[in-house]
Amino acid sequence: ARQFLALVATPGPIDRLVFCRELLRILPRLYAAALEVGDVRPIPYESDQSTWRKSVDEMYPVAPEEWEAIRARAEMIIQDRRHYRVQYDPTIRDAVLDDAVVGDLADDMADIFRDVRPLLEAWDSGTAYLPDLKAALGPISLFPTHWGVHVVHSLVGLHFIVFDYGV
């Protein structure tokens, strides 16, 4: 997670090919780490276990301006190769859903950043812990339905950009 955050958030120039290859190296590890940790939950902010729990995203929000800065940086680096086509859910047989959608690597990187950084901040601050850290990667951080999907789809686009077309 730290390598991903550093790669997408560190200002300054970076070669497109280096950036895309690093993403191909880091993103599968990030996905695998989420599978290893499993289901994650923040520590209750009150001692009563029945008390409503603040979500990690509420405790460590990513400002819209920061999300946009990550997206703009990735767009600037990847440029015209950032779009790719992918079937959103290849397991569904439906005339409408069978159509490919257009993905955007810049949007993917910003969304993954927005969902992962709060988890790492919660871990670092001690407000989330194992085994309860396991819930934040699940329903709270939207790994199954959001950032995990962005990781999987972006890998498809990155693979073809790097190995079939170059950047």
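Modeller: What follows concerns helix α1 and its two contacts with other helices. The model is predicted. Helix α1 comprises residues 2-9, and helix α5 comprises residues 105-125. The axes of these two helices come within 10 Å and cross at roughly 130 degrees. Because an angle over 145 degrees would be needed to count as roughly antiparallel, α1 is oblique to α5. The crossing of α1 with α5 is left-handed. On the α1 side, the contact is made by Arg 2, Phe 4, Leu 5, Val 8 and Ala 9. Helix α5 contributes Met 109, Ile 112, Phe 113, Arg 117, Leu 120, Trp 123 and Asp 124. By class, nine residues of this contact between α1 and α5 are nonpolar and three are charged, with no polar residue.

The second contact joins α1 to helix α2, which covers residues 16-37. Here the axes come within 9 Å and cross at roughly 150 degrees, so α1 is roughly antiparallel to α2. The crossing of α1 and α2 is left-handed. From α1, the residues in contact are Gln 3, Phe 4, Leu 7 and Val 8. They meet Phe 19, Glu 22, Leu 23, Arg 25, Ile 26, Leu 27, Arg 29 and Leu 30 of α2. The contact of α1 with α2 has eight nonpolar residues, one polar residue and three charged residues.

Phe 4 and Val 8 of α1 take part in the contact with α5, and Phe 4 and Val 8 also belong to the contact with α2.

Terms used: Residues are numbered from 1 along each chain as its sequence is written. This is a predicted model: local features need pLDDT of at least 70, side-chain atom pairs count only at pLDDT 80 or more; totals for chains, interfaces and linings use all residues. Side-chain values use heavy atoms; hydrogens and water are left out. Axes are lines fitted to C-alpha atoms, for helices over the stretch in contact, and angles run from 0 to 180 degrees between N-to-C directions. Helices (H or I, at least four residues) and strands (E, at least two) are DSSP runs, numbered from the N terminus. Angles under 35 degrees count as roughly parallel, over 145 as roughly antiparallel, 65 to 115 as roughly perpendicular and the rest as oblique. A crossing is left-handed if the near helix is turned anticlockwise from the far one by less than a right angle, and right-handed if clockwise. Contact means heavy atoms within 4.5 Å. Ala, Val, Leu, Ile, Met, Phe, Trp, Tyr, Cys and Pro count as nonpolar, Asp, Glu, Lys and Arg as charged, and the others, Gly among them, as polar.
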